[in-house]
Amino acid sequence: MKPLIVANWKMNPLKLSLALKLAILSDKKNIIICPPFVYLKEIKEVIRKAKIGAQDCSWQDQGSFTGDISPVMLKNIGCRYIIIGHSERRLNHNENNTVINSKIKTVLKAKLIPILCIGETKKNDNLELIIKKQITEAFNGLSLNEISKIIIAYEPVWSIGSGNNCHPDKAEQARIIINNISKNKILYGGSVNSENCCDYLKKALFNGLLIGNSSISFKEMEKIINKI
Ligand code: PGA
């Protein structure tokens with residue numbers, strides 16, 4: 001099976017015309033394009049093979065929640081996946097494992113697939129302790145059937161956006177720890193580029209990649225697609 005590639009565009013690009021060009025370049029069967037909310041509908045109209053996902057959603061499905069977006073709304077415009085608990089949400093919006101757990105439940109209720117991001121903050125953090133806590137708290141109250149639908153993205157926070165990717169051997173250690181807790185699909189994320197992308201798939205045996213910066217570079221994305 002082809003590895004899954006999640007393209008997390010974050011708050012980029014600023015113009016819709018550029019977003020559409022990027023979406024057309026990334027339109028492959030195994031790619032999930034996660035653009036800013038405002039581009040989702042237009043992107044859905046120009047792609048044929050890729051899937052679309054959102055970068056976050058509300059923990060509620062409807063009501064008086066100013067500025068929030070319901071996973072049901074996202075489903076209604078064609079989203080299939082939602083990234084939950086990205087480190088930038090944890091850091092900039094104070095999202096803790098309890099909030100993340102509520103969001104996962106709402107996403108699953110809407111019959112969408114959550115992509116749960118986990119990972120240690122500092123290089124020398126206790127990997128096993130942190131991963132176990134993040135997973136058990138995020139999965140709290142879910143049935144085994146619900147858990148099996150979740151995709152986990154292992155993203156060492158120190159590596160995200162830093163250009164300093166995690167050594168594939170260390171990433172593999174994390175993958176094994178996660179695998180021992182649950183049998184979900186696992187992606188690697190953190191400074192993935194066209195040079196290192198294959199290491200996480202072939203050496204560290206991840207099921208796919210979550211790509212930030214390189215996914216908004218036409219050159220890099222083209223190379224990554226060709227390699228994978
Ligand atoms: P990066 O981002 O590839 O730019 O490190 C990854 C992420 O934030 O998911």
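Predicted model: local features only at pLDDT ≥ 70, side-chain atom pairs only at ≥ 80, totals over all residues.
Which residues does L209 touch, not counting residues up to four places away in sequence?

1. Leaving aside residues up to four places away in sequence, L209 touches L4, I5, V6, L187, Y188, V192, C197, Y200, L201 and I228. L209 also belongs to the largest nonpolar core, which has 58 residues. Within this core, the members that touch the most others are I104, I131, F139, Y154, Y188 and L209. There is a second core as well, separate and made up of 12 residues, with I83, I115, A153 and L187 among them.

2. As background, nonpolar side chains tend to be buried together in soluble globular proteins.

3. Next, have a look at the ligand. Its surroundings are formed by N8, K10, H86, E155, I160, G161, G190, S191, L210, I211, G212 and N213. By type, this shell divides into 7 polar, 3 nonpolar and 2 charged residues.

4. In the side chain of H86, an N or O atom is 2.6 Å from an oxygen atom of the ligand. The side chain of E155 has an N or O atom 2.7 Å from a ligand oxygen. G212 takes part through its backbone, where an N or O atom lies 2.9 Å from an oxygen atom of the ligand. Of the 280 Å² that the ligand exposes when taken alone, the protein buries 99%.

5. Finally, the aromatic rings. The structure holds 4 aromatic pairs. One of them joins W59 and F65 edge-to-face, at 5.2 Å centre to centre with 70° between the planes. W59 counts as partly exposed because its relative accessibility is 37%, between the 20% and 50% limits. F65 is partly exposed too, with a relative accessible area of 28%. In Y188 and F206, the ring planes stand at 65° and the centres are 5.9 Å apart, so this pair is edge-to-face. You have met Y188 already, among the core members that touch the most others.

Methods
Residues numbered from 1 in each chain as written. Heavy atoms only, no water. Core = buried A, V, L, I, M, F, W, Y, C linked by side-chain atoms within 4.5 Å. Buried < 20%, exposed > 50% of the residue type's maximum accessible area, 1.4 Å probe, protein only. Contact = heavy atoms within 4.5 Å. Near = heavy atom within 4 Å. Polar contact = N/O pair within 3.5 Å; in protein donor to acceptor, adjacent residues only side chain to side chain. Areas by Shrake-Rupley, 256 points an atom, 1.4 Å probe, with all protein chains shown as cover. Nonpolar A, V, L, I, M, F, W, Y, C, P; charged D, E, K, R; others polar. Phe/Tyr/Trp six-rings, centres within 6.5 Å; stacked < 30°, edge-to-face > 60°.
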